[in-house]
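Here is a short tour of the protein on your screen.

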Amino acid sequence: MSRSPLALAALTTAAVPGLDARSVRREDAPGDYDVAVVTAGDGTLWEIRAPRTPMAGAALEAEMELLESLHLYHEAGVLPFTVPRVAGAALLPEGGRAVVHKHITGAPLDIEALRPGPGLAADLGRTLAAVHELPATVVEACGLPSYTAENYRERRLVELDEAAATGRVPTPLLRRWEAALEDVTLWRFRPVVVHGDLAADQVLVAGGRVAAITGWSDARVADPADDLSWLLVAAPPEAVDSIMEAYQLRRTELQDPRLVDRALLVGELALARWLLHGVRQGLPDVVADAEAMLADLDEATREDAV
């Protein structure tokens, strides 16, 4: 179920005793959550997230536990960015809880504005490396998924088979992806803690640095390429070297010579997952969008092969 901003404000006051809510605004949020920012009488901004489905509620419970651990690593100076800290929770009539934390200020990352050098691009590389250096137990203790490299390759193969079954993926792309998934040298990596669903609106920037990372419900122990792929695909080419150089310098004992190759592949496979999302949910606009992007990728990869 979806909740109105006033209902979310009421839940916020229930979650944080003594909070005097004066105004509320709904926030756009991906996934099965209602999100709002509540302004208290003293001017403090509070953010509330309420799950719309039981599955989202279960993911939020795991995320709450993870955030507590991540906050400790931030306080210890291991994580260089702010992590949302849960201030309270309110029970929902249908089960589950809505979660409240102080609203973190910052502008969503403008990935197209990244420039090479020691600035924000390098800071992004160091930030992701810090996440990937966390011990796997941080995620595993919260009951979030943990995969071996072979497990993860098998998951990708299943996704590819499902995408192929739609009949909407160009055959040359299917062959390209099958060859990459069968190349075992590409999949020799050490699984690490990953955010798992990074996007520009979850990386908040202030003062030319990464101020915070939000939206940890898809965290897992998996392929570090998952967190790097969107940056390598979308960032200006001249900024990619700065991102990767800073990332590699911050990682300890990094032995993954095919990391960039795999990250670029993950970016391509994201189009297949977007197609599957549209097919599964019966969303013709999403399917059409995915088909158009797959056609563009097919053309681009054919040109690269010439």
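The protein is built from ten helices and ten strands. What you see is a predicted model, with an average pLDDT of 92 and 98% of the residues scoring at least 70. Confidence is lowest in helix α10 and highest in strand β7, as the table shows.

| Element | Residues | Mean pLDDT |
|---|---|---|
| Helix α10 | 284-305 | 89 |
| Strand β7 | 192-194 | 97 |

Now for the overall shape. A compact globule of 306 residues would have a radius of gyration near 19 Å, and the 20 Å of this protein agrees with that. Along the principal axes, the C-alpha atoms fill a box of roughly 65 × 45 × 35 Å. Of the 306 residues, 47% are buried. Among contacts with a separation of 6 or more, 65% join residues 24 or more positions apart. The accessible surface is about 14,700 Å², and carbon and sulfur atoms account for 53% of that surface.

Let's zoom in on helix α1, which spans residues 5-15. Which of its residues are buried? They are Leu8, Ala9, Leu11, Thr12 and Ala15. Viewed down the axis of α1, these buried residues fall within an arc of 160°, so they line one face of the helix. An α-helix has 3.6 residues a turn, so residues three or four places apart point the same way. The cover over the buried residues of α1 includes strands β1 (21-27), β2 (33-40), β3 (45-51), β4 (86-91) and β5 (97-102). On the face turned away from the buried side of α1, you will find the exposed residues Leu6 and Ala14.

Conventions
Residues numbered from 1 in each chain as written. Predicted model: local features only at pLDDT ≥ 70, side-chain atom pairs only at ≥ 80, totals over all residues. Heavy atoms only, no water. Buried < 20%, exposed > 50% of the residue type's maximum accessible area, 1.4 Å probe, protein only. Helix = DSSP H or I, 4+ residues; strand = E, 2+ residues; numbered from the N terminus. Arc of directions from axis to C-beta. Contact = heavy atoms within 4.5 Å. pLDDT = per-residue confidence, 0-100. Rg over C-alpha atoms; globule rule 2.2 N^0.38 Å. Areas by Shrake-Rupley, 256 points an atom, 1.4 Å probe, with all protein chains shown as cover.
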